Amino acid sequence: MPAVNAVVPIALVTGASGNLGQAVIHKLISDGYYVVGTLLPNDTAILDFDTSHFEKKVADLTNEQDTNCLVSGILQQYGRIDVAVLTVGGFAMGTIAQTSAAAMQQQYQLNFTTAYNVAQPCFVQMITQQTGRIFLIGARPGLTAAYGKGMLAYALAKSLLFRLAEMMNDEAAGTNVVTSVVVPSTIDTNANRSAMPAAHFDDWVKPAAIAAVISFYCSAEANALREPVIKVYNNS
């Protein structure tokens, strides 16, 4: 583990092997952050990051105890967390008639529990610091019911992230702790291209573009902003 100077900002990014997670990590490293990125147990992805500015941690983010150990370990090593970007999630289709309680619970676990388990201890630390940025990854189906048609469990699970951000920002009023929900449209990934080969890919939003937006909201220029919902739609 490389030594980290006290003036180097610390970022935690969950989902380090995902398309968005990788883009965010690369961008934050280029911005001068030391990044701790998480992988799920048994994730065999090969990560290509500058190891002098990156450290990998393995954690089951659906497990509160495992996640608390992750965050407390980072705090023991580095003393603070300046930015947390929570990209872990999952997707499922299903109308009301097709969605069982078990399917609902699975989406809740993937999209809300994983986010809350990380956001809660990070938020508590940032309140102590009086400064910090948390980014939750939302979705248009969670923002507007019309977009959630045919994906009930996913939409409901994602909708909770918006309420969580509102409540965290209310509790953090008067500090420089800000929680935002980043809402991408269709992200331009190989998997999405394969699933929708007839789509206009140029209308989609690239992971690097989302990472650049997050980078800006972490910057000194954005210190005065308290934007709870950040829409990154491009033309889709």
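Glu166 and Arg163 join their side chains in a salt bridge, with N to O at 3.0 Å. A salt bridge here is a side-chain nitrogen of Lys or Arg within 4 Å of a carboxyl oxygen of Asp or Glu. Both residues lie in helix 5 (residues 152–171), three residues apart, about one turn of the helix. Helices (H or I, at least four residues) and strands (E, at least two) are DSSP runs, numbered from the N terminus.

The model is predicted: local features need pLDDT of at least 70, side-chain atom pairs count only at pLDDT 80 or more, and totals for chains, interfaces and linings use all residues. Residues are numbered from 1 along each chain as its sequence is written, and side-chain values use heavy atoms, with hydrogens and water left out.

Glu166 counts as partly exposed because its relative accessibility is 44%. Arg163, at 40%, also counts as partly exposed. Buried means under 20% relative accessible area, exposed over 50%, and partly exposed in between (1.4 Å probe, protein chains only).

The structure holds four salt bridges. One of them links the side chains of Lys27 and Asp31 at 3.6 Å, N to O. Lys27 is partly exposed at 29% relative accessibility. Asp31 is partly exposed at 35%. Another salt bridge joins Arg80 to Asp82 at 3.2 Å, N to O. Arg80 and Asp82 are both buried.

Ser30 is found in helix 1 (residues 19–30). Ser30 counts as exposed because its relative accessibility is 54%. Ser30 and Ala222 are 192 residues apart along the chain, and their C-alpha atoms are separated by 18 Å.

Strand 4 (residues 83–86) has buried residues pointing both ways. Val83 and Val85 point one way; Ala84 and Leu86 point the other. In a regular strand the side chains alternate between the two faces of the sheet. Strand 1 (residues 10–14) runs parallel to strand 4, and four bridges join them. Two strands pair if DSSP finds at least two bridges between them. In this pairing, Thr14 stands opposite Leu86.

Strand 4 also pairs with strand 5 (residues 131–137), in the parallel sense and over four bridges. Here Ala84 stands opposite Ile134. From strand 4 the chain crosses through helix 3 (residues 101–129) to strand 5, and this β-α-β crossover is right-handed. Right-handed means that, with the strands pointing away from the viewer, the path from the first strand over the helix to the second runs clockwise.

Arg133 is found in strand 5. The residue is buried yet has no salt bridge. Its nearest side chain of opposite charge, Glu227, is 9.1 Å away. For charge, Lys and Arg count as positive and Asp and Glu as negative; His and the chain ends are not counted. The side chain of Arg133 instead reaches the backbone oxygen of Tyr217 at 3.2 Å. Residues up to four places away in sequence aside, Arg133 touches residues including Asp82, Val83 and Ala84. Met126, Val178, Tyr217 and Ala222 are also among its contacts. Contact means heavy atoms within 4.5 Å.

Ser185 sits in the loop between strand 6 (176–184) and helix 6 (190–195). Ser185 counts as buried because its relative accessibility is 9%. Not counting residues up to four places away in sequence, Ser185 touches Arg140, Val205, Val232, Tyr233 and Ser236.

Terms used: Polar contact = N/O pair within 3.5 Å; in protein donor to acceptor, adjacent residues only side chain to side chain.
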